[in-house]
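Colleague: I have just opened this entry and have not looked at it before. Could you take me through it?

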Amino acid sequence: DSSLNAQRQLLQAFAEAQGIPFLDLTSRLQQLASEGLTLADPLETHYNDDVNLVIAEEVARFIHTFDR
């Protein structure tokens with residue numbers, strides 16, 4: 001977790017310095033995992049359809065904040 005947090009903070013700082021909008025889904029994905037949702041099948045390297053749907057909804061909400 002500390003390595004993940006360090007990488008996330010580095011990326012977030014870079015995005016902010018460059019004026020790039022940054023959407024951090026780490027806590028949302030951790031929440032899903034803690035609720036027992038399987039994020040990916042054991043032999044896969046990508047998120048499964050359920051997680052992709054959640055990510056798409058979060059991205060849509062994030063994009064919508066720029067429409068205001």
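This is a predicted model: local features need pLDDT of at least 70, side-chain atom pairs count only at pLDDT 80 or more; totals for chains, interfaces and linings use all residues.

Colleague: How many helices and strands does the chain have?

Modeller: The chain has 3 helices and 0 strands. Along the sequence the pattern reads α-α-α. The radius of gyration is 14 Å, well over the 11 Å that the globule rule gives for 68 residues, so the chain is more spread out than a compact globule.

Colleague: And what does the C-alpha trace span along its principal axes?

Modeller: The C-alpha trace spans about 35 × 30 × 20 Å.

Colleague: What percentage of the residues is buried?

Modeller: Buried residues account for 15% of the 68 residues. The chain exposes about 5,400 Å², and carbon and sulfur atoms supply 55% of that area.

Colleague: Is Ala15 buried or exposed?

Modeller: Ala15, which lies in α1, has a relative accessible area of 5% and is therefore buried, the cut-off being under 20%. Leaving out residues up to four places away in sequence, Ala15 touches Ile20 and Phe22.

Colleague: How far is Ala15 from Thr45?

Modeller: Their C-alpha atoms are separated by 26 Å, and the two residues are 30 residues apart along the chain.

Colleague: On to α2. Which of its residues are buried?

Modeller: The buried residues of α2 are Thr26, Leu29 and Leu32. Seen down the axis of α2, these residues fall within an arc of 125°, so they line one face of the helix.

Colleague: Why would residues spaced like that point the same way?

Modeller: An α-helix has 3.6 residues a turn, so residues three or four places apart point the same way.

Colleague: What does that buried set pack against, and what is on the other side?

Modeller: The buried residues of α2 pack against α1 and α3. On the other side of α2, Ser27 and Ser34 are exposed.

Colleague: Tell me about Thr26. What does it contact?

Modeller: Apart from neighbours within four places in sequence, Thr26 is in contact with Leu4 and Arg8. The side chain of Thr26 also makes a polar contact of 2.7 Å with the side chain of Asp24. Thr26 has a relative accessible area of 15%, which counts as buried.

Colleague: What follows α2?

Modeller: Gly36 follows α2, and its phi is positive, near 95°. In the loop between α2 and α3 there is also Pro42, which is exposed at a relative accessible area of 79%. Pro42 and Glu16 are 26 residues apart in sequence, and their C-alpha atoms are 35 Å apart in space.

Colleague: Where is Asn48?

Modeller: Asn48 is in the loop between α2 and α3. Its relative accessibility is 15%, so Asn48 counts as buried.

Colleague: What does the Asn48 side chain reach?

Modeller: The side chain of Asn48 reaches the backbone oxygen of Thr38 at 2.5 Å. At the start of α3, a side-chain oxygen of Asn48 also comes to within 3.2 Å of the backbone nitrogen of Asp50. Not counting residues up to four places away in sequence, Asn48 touches Thr38, Leu39 and Ala40.

Colleague: That leaves α3. Which residues are buried there?

Modeller: In α3 the buried residues are Val51, Val54, Ile55 and Glu58. They cover an arc of only 100° around the axis, which puts them on the same side of α3. These buried residues pack against α2.

Colleague: Which exposed residues are on the face turned away from that side?

Modeller: That face of α3 carries the exposed residues Asp49 and Leu53.

Colleague: Lastly, how many residues does α3 have?

Modeller: Helix α3 has 16 residues, 49-64. Its reach from first C-alpha to last is 22 Å, close to the 22 Å expected at 1.5 Å a residue.

Terms used: Residues are numbered from 1 along each chain as its sequence is written. Side-chain values use heavy atoms; hydrogens and water are left out. Helices (H or I, at least four residues) and strands (E, at least two) are DSSP runs, numbered from the N terminus. The expected span of a helix is 1.5 Å times one less than its number of residues. Buried means under 20% relative accessible area, exposed over 50%, partly exposed in between (1.4 Å probe, protein chains only). The arc is that of the directions from the helix axis to the C-beta atoms. Contact means heavy atoms within 4.5 Å. A polar contact is a pair of N or O atoms within 3.5 Å; within protein, one must be able to donate a hydrogen and the other to accept it, and residues adjacent in sequence count only if both atoms are side-chain atoms. The radius of gyration is taken over C-alpha atoms; the globule rule is 2.2 Å times the number of residues to the power 0.38. Accessible areas come from the Shrake-Rupley method with a 1.4 Å probe; for residues, only the protein chains shown count as cover.
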